[in-house]
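Welcome! Take each task slowly, then compare your steps with the solution.

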Amino acid sequence: MVGDARPSGVRVGGCRGAVESRTSFRAPRPPLPPLSFLFVLFLAAPCAWAAGYKTCPKVKPDMLNVHLVPHTHDDVGWLKTVDQYFYGIYNNIQQAGVQYILDSVISSLLADPTRRFIYVEIAFFSRWWHQQTNATQKIVRDLVRQGRLEFANGGWVMNDEATTHYGAIIDQMTLGLRFLEETFGSDGRPRVAWHIDPFGHSREQASLFAQMGFDGFFFGRLDYQDKKVRETALQMEQVWRASASLKPPTADLFTSVLPNMYSPPEGLCWDMLCADKPFVEDDVRSPEYNAKELVHHFLKLATDQGKLYRTKHTVMTMGSDFQYENANMWFKNLDKLIQLVNAQQQANGSRVNVLYSTPACYLWELNKAKLNWSVKKDDFFPYADGPHMFWTGYFSSRPALKRYERLSYNFLQVCNQLEALAGPAANVGPYGSGDSAPLNEAMAVLQHHDAVSGTSRQHVADDYARQLSEGWRPCQVLMSNALAHLSGLKEDFAFCRKLNISICPLTQTAERFQVIVYNPLGRKVDWMVRLPVSKHVYLVRDPGGKTVPSDVVTIPSSDSQELLFSALVPALGFSIYSVSQMPDQSPQKSWSRDLVIQNEYLRARFDPDTGLLMELENLEQNLLLPVRQAFYWYNASTGNNLSSQASGAYIFRPNRNKPLFVSRWAQTHLVKASLVQEVHQNFSAWCSQVIRLYPRQRHLELEWTVGPIPVGDGWGKEVISRFDTGLATGGLFYTDSNGREILERRWRDWGHRAGLIKSHPTPGGNTPLQSGVHLFDGNMQLTVLTDRSQGGSSLTDGSLELMVHRRLLKDDARGVGEPLNREGSGLWVRGRHLVLLDKKGTAAASHRLQAEMEVLAPQVVLAPGGGARYRLERAPRTQFSGLRRELPPSVRLLTLARWGRETLLLRLEHQFAVGEDSGRNLSSPVTLDLTNLFSAFTITHLRETTLAANQLLAYASRLQWTTDVGPTPHPSPSHLVSATITLHPMEIRTFLASVQWEEDG
C-alpha cells in the first residue's frame, strides 16, 4: 500500500473510528446489501462520530423515571432448532417465529415515533435482513439512525458464560458486531452488553466486554440469595473490576442487575403469549374497565422497584421469550400505560414519569448522576434460583457436544490461519471453493447459552452438531487448497475425523502414506502422532528424508494397532512425514506386570492390589505426591421431602453429598514401548481409562472412556473423576475463568451463601472449568487440565473432582421438558485429563503453555502421496513456517484470519497474569516487532482496534465511572506509531493489517 511509509515499512493509523468494510473474497454466499447513504457519508467524512446517546429521550430530573424497554429474547436454538425458530415451524412445540417478530416490530415502530425497541441476536437479524427489499432496508436504517431500533450486545448469539472459551466468545462477538458495523455504521454499534438469560456470569466475560468498548453490562439471572442481599444494600448496580492484571479501567465495566430477570412486571405482559388483561380505558361503564386499577398497580410497582436502586431512574423489561410476534398488542397497551400514568402527574401530583427507552439510554442517565459506585472483583457463580436448585449441572451436560465444539474451535483456527497464509489461493484452487465462513457461523451459534451448555432438547443438540459438521467441509476444501499452494504438491488430502476411536481408512489400508502435521502455535512443537494402522511395522521419515523412531502399539482392549512417532513442527507451519510398511514384519507386544510408568521428568506408581494410581513424582524438581485417582458417581435426585427438585440438564442435585465408587479396583494391563508407557485400567463394563507417558512429556495423560452409563436400576448417574491427595489446601482451589485468568475458590465459605452451600457442598461448590483446576499447599501445585468444558470442585482439603458424564431419568423443570437421557452415540464419551505436578514458581509456565497446546493442538492431514506439482516452476517443500521468528512463550497468536481482500485480522495476547511466573520471568511485558514477522506476507499498513475489531482503538471511548475505592486514572487513547508493540500481562491487542502476499507463498 502506497503512502505514509515509515522506516519499518509498515504504515500505521487510520481514519477516526472507521474500520474497513468487507470486500467479498469467499465462495458465493448472500451478499451484504449496499451501505446506506448515511454510512457512505460517514466513510467519506473522516472522523465522524455516531449519534450515540444523543437520540435518547428526555427525562424529568425531579421525578422517578421508569424506562420501559420493549424487547424480545430469541434463543438461537433451544426447544426448536435455529431454522425452526426463525421460520416459525413446529409451533406445537413452542409458539415462535422470529421472522414474524421482526416484521411486526418494524411495522409498529413506524406507527409512532416515540416507540423504541431493542434487538440482540444477530444470527437471526442478519438472516432476516438479507430477505428484505431495498426499501425495507432503508426504513430499518432510518429507525436505527434515529435510535428507535437499537441493538444491544450485538453478538451473533447471546453466549453462555460458564461453558465457553474466551477465544470462541471473541470470535462470535466479532462476527455479530462486524455485521452491524458494515450494515449500519456506527449508528448500529451497541453501547451495552445484554446477557439477560445466561445462568451465571463470569469475570472474564465482563473483562472481554470492557475491552470491546461497551459502556455497561445488563444481566437478568442472579442467585436468589445474592439478589436479596444486593437489594437491601442498594448494590444492584456497581462497577465490575474484571481483571487482576489489566490496569483499571481497562477491564472495568458498569454492571446492572435487572429487577425482574428479563420479564415484564407481574400483570403487565401484553403479548399474544400472555394472559394478562389489556387496558380497557375508553368506557368507564364497561364491567371490564381496568385503567385506574392498572395505573395504580404500575405506580406501586415502580415506586417499590425504585427503592432498590440508587438513582431517580429504574428500568422495566417489557418482553420475554419470542414475544412481539404481534407487536401491536404490546405497543398499543404500552402507549396507553405511558399516557395514563403520566397524566397522573397533573391530576394527582404523581412523581413517576414513564417513557419508552433502551438499556443504553437508561445507562446514560445513571452515568450523568455522577455517583460513587461499589466495586466487584469475583464472579457470579454458582447460580441458584431457590433452595436445592443449583444450576451447576450444565457445566458438564452433553460432554460429547462440548468436545465437538472445542475440536471445531481448534479446526476453525487452523482453517483461518491457512486462509491467511495462503491468501486468495486458499479460496479458489484445485479442490474447489474453500470457505471459512460456514464454520465460523456454526461455531458462533454453538456459543449460544443453550447450545454448548448442553441445555437444549436432543433434536436441537443434534442440529448443532450437524451445523458444525457442515461447516468443516468447506474448511477442508480451503485447507486442501492452502496446503497444496504452500507445499507445492496437489495431494489427495484426507481428514480422519474418527481418530479418537482409532478409525482412519487411509492409514489402516494403505502400504504407504503421508502425514502432514500443521502447528497453529507461534512456537515449534514436538507432537506425538498416533494413527490406527494394520498389523505391520512401519518406517517413518521426517521432512528431510531421515528415519525417525516409531512404534506400533497393540491396544489391549481391542487388539488393534496404533502407529506412534514424534513430529517436530515449526511455528505456524507444517511438516510432512512419509510412512511406509516394512515387509514381512509384525509389531511386538510389549506388556509388563510392573505397575510403574516413567520418563525423564515424571514417574507414576500404581497400587498393585487395586490398580489405581497412587503416587506421582516430578523427577526434575524432586517432588513426590501421594495421589489416588478413581471414578465415582452421584445418584441423581428425582426429588424428596425437602424439595421436588430433580437433577437435570441445568440442575445438579445429588441424593446425597457422598458419591459411590464405580469400582474400588481396576483390571490393568501395562504397555511399555520406546515411545509410550501406558497403564490400561478397566473399572467396569462402562468405565475404563488409559494413563500414559510419552518421552519428554512433563504431564501425565489420563484418557477416560465412560458409557453407556447404566440406568436399568432406575437411578440416574453423574460420573466424576476424583483425585485425592494429602495437600493441605485450607479449603482453597483455583479455576480458570473462560480459559483465561485464574480465580481463587473457597468451598468452605461462599460469602453470604455460606449456610446454604455448607449444607449442599456438592452442587453448590461445583464451578465451571474451561482450561483446568489446581490445588496448592505452599510448595507443590497439582493441576488437572481438561479438554472441554466441565464442572469441577474441591470438596475436601487436597481433593479435586471433575464431572465427566451425566445420564438422568427426570427433567429438572426448567423448560426443556425431557430428561438428559440420550440414545445413540452420545452415550459413549471419551476425553482426557492432563495432570501436572510442579513447584509454585514454575507451575504457571507448565499449565499455561500446555493448556495453549490443548486448545490449539496440531492438525493432522493425511495423503496417499505421489501428487503432482502445484506449479511446475516451483520445487515442492516438505516443511514450512509462516513466521520468520518464533513468538516468545508468553505470547499467543490468538487470531490470524482473512478480513478483506488484502486485509487480515490479527490478535496477539500475553497469556500470563501479573506475578504468575517467577521461574522464567514470563509475567513480564513483552515487546514484539511485527515488521517482517510473517514469511507468507508482508504487512504494509497496521491499524489497532478494540477487541472485537469494530472500532479503531485510538478513537474509541467509554463512559467513565467513579468508584468508592478511590480515583481511577483514565489514560488518553493510545495511538499506534510503529509496528513495534508491547504486550502487558493478560493484554490482548487487535489489529487490522493490510498485507501483500509473497508470490511463492
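**Exercise 1. Find the order of the strands in the five-stranded open sheet, and say which strands stand at its edges**.

Step 1. Five strands build this open sheet, in the order E5-E6-E8-E7-E12, with mixed pairing. Strands (E, at least two residues) and helices (H or I, at least four) are DSSP runs numbered from the N terminus, and two strands pair if DSSP finds at least two bridges between them.

Step 2. E5 (192–195) and E12 (375–376) each have a single partner strand, so one side of each lacks a neighbour in the sheet and they stand at the edges.

Step 3. E5 runs parallel to E6 (residues 216–219), and four bridges join them. Alanine 193 is opposite phenylalanine 217 in E6.

Step 4. Helix H7 (residues 203–211) packs on the sheet and touches E5, E6, E7 (237–241) and E8 (252–257). Contact means heavy atoms within 4.5 Å. The direction of H7 makes about 115 degrees with that of E8; such angles run from 0 to 180 degrees between N-to-C directions, and axes are lines fitted to C-alpha atoms, for helices over the stretch in contact.

A note on the model: it is predicted, so local features need pLDDT of at least 70 and side-chain atom pairs count only at pLDDT 80 or more, while totals for chains, interfaces and linings use all residues. Residues are numbered from 1 along each chain as its sequence is written, and side-chain values use heavy atoms, leaving out hydrogens and water.

**Exercise 2. Locate histidine 448 and decide: is it buried or exposed?**

Step 1. Look in the loop between helix H13 (437–446) and helix H14 (458–487) for histidine 448.

Step 2. Its relative accessible area is 1%, so histidine 448 is buried (buried means under 20%, exposed over 50%, partly exposed in between, with a 1.4 Å probe and protein chains only).

Step 3. Not counting residues up to four places away in sequence, histidine 448 touches several residues, including Asp75, Val157, Asp160 and Tyr464.

**Exercise 3. Trace the strands that pair with E30**.

Step 1. E29 (residues 667–672) pairs with E30 in the antiparallel sense over six bridges, and histidine 669 is opposite histidine 680 in E30. Four residues lie between E29 and E30 in their hairpin.

Step 2. E30 also pairs antiparallel with E31 (residues 687–693), over seven bridges. Two residues link this hairpin.

Step 3. Of the eight residues of E30 (residues 677–684), seven are buried, so the strand is largely enclosed by the rest of the structure.
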